[in-house]
Amino acid sequence: MPRFSLAILLTHPTQFDGPLFSRISQAGVIDLTVYYLVTDCVADKVDSELRFSPNWDTPVTEGYRRVVCPRQFTRRLRFLWRECIVGGKYDLVIVPGYARLDTTLLALAPHRRPLGMRLDTAPIYVEPRWRAWCKRIVLRRLFRRFATFHSVGSLTERFLEDLGVRPARIFPFPYAVNNAYFAEKADRFRQERERIRSDLGISAGAFVVLGVLKFVPRENPLELLRGFHLFHEICPDSALLLVGAGALENEIKAYVAASNLTGAVLLVGYARYSELPKWYAVSDVFVHPARRESWGVSVNEAMACGLPVVASSSVGSSYDLVRDGANGYQYPSENVKALAGCLARIASRPDRGVALGECSTRLIQAWDFEATMRSLESAVDMIRSESTHQNIRMKPLLEPAEVERGQQH
């Protein structure tokens, strides 16, 4: 029998959380129910930047109990109140951040149900002072309604502590991927590495740089392109693989043509989830150039596949996963010369790239599903313990029967 009961509220399934939820259910320690606030059909969720559904080809809604909430706002609110709050079914209910009105109203309503909040806020982006002040005032009040906080990384922990949340109330809930899945598939594709490279027109000894990203301003593919251009001038036997799609595709193609990079830069299109390990396997380094990315799960994927990582300082995961000189480098966002320099350091000696990649493989093992499961168990265990102590404090000194006997005397 499971020791704990847990409800997790999410807007829609993701390619990394789905396998985690299945693993939690299989372990049998936590009785888990996932409530999807928008949809549990991956084909129905259109990515606003890509303008089509990612429609992952790996199972993300199998192996765990899931409930789809009503679409209409007031019906959904009543449903969640009945299911997650007044029903008393769960030791802890975790909501997705503080930006949704429905879950915020649930938190503010008068009740004693323990609530947790999972969030990925990264306080590294400049915002107007008035907005930061207002956010601070509002969130300090809202956070009093939550018993636990579940951070995706150290930047979020810092954000929470700055708002007065005690560290004992913060439990890691990272964006972890199925490391074994990526490692195993990458190993299989690596056996065909030379053939795949040859089919792409890449020479056997070329240094291959990889970007897996959306072709949109936020993910900044043009910065990667410009950084590679500088690097390619000092390392001509190199190639850039761009895996993705988006509104900037024509601009990228125009830059490639104008810079005489045709043949050195390959746009291979959007890749479904099961295809990603192939691109990691045939590359020598992965680059994440985003100018705003609260985490960046592709860094996890690349490390699980044994690649060094070069990431912009605007990528949240670079503060936890990238250790300068050990498994890659973080460079200042918007600094293409620094990006090119990071690539040159890795490419200067073949053994350096191999050592950095091996370090990535070791480091990412600490960011796995088992660590997340232990963290969730600790959170629910704390809630259970506090609830027990509270009940003991509220228990009368004498049982009702003893009170009656005393009155008779």
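Which elements cover the buried residues of α3? They include β1 (4–10), α2 (73–86), β4 (92–96), β5 (115–119) and α4 (129–143). Covering here rests on contact, meaning heavy atoms within 4.5 Å. Helices (H or I, at least four residues) and strands (E, at least two) are DSSP runs, numbered from the N terminus.

This is a predicted model: local features need pLDDT of at least 70, side-chain atom pairs count only at pLDDT 80 or more, and totals for chains, interfaces and linings use all residues. Residues are numbered from 1 along each chain as its sequence is written, and side-chain values use heavy atoms, without hydrogens and water.

In α3 (residues 101–108), the buried residues are D102, T103, T104, L106 and A107. Buried means under 20% relative accessible area (1.4 Å probe, protein chains only).

A nonpolar core is a set of buried Ala, Val, Leu, Ile, Met, Phe, Trp, Tyr and Cys residues joined through side-chain atoms within 4.5 Å. Two such cores are listed here.

| Core | Residue count | Members include |
|---|---|---|
| Largest | 45 residues | F182, L210, L241, Y280, F286, V309 |
| Second, separate | 30 residues | F228, L248, I252, V256 |

Beyond four places in sequence, F286 touches L210, Y280, V299 and V309, among others.

V322 sits in the loop between α12 (318–321) and β13 (328–331). V322 counts as buried because its relative accessibility is 8%. Its contacts beyond four places in sequence include V299, V309 and A311. V322 and A311 are eleven residues apart in sequence and 7.7 Å apart in space, C-alpha to C-alpha.

Terms used:
Buried means under 20% relative accessible area, exposed over 50%, partly exposed in between (1.4 Å probe, protein chains only).
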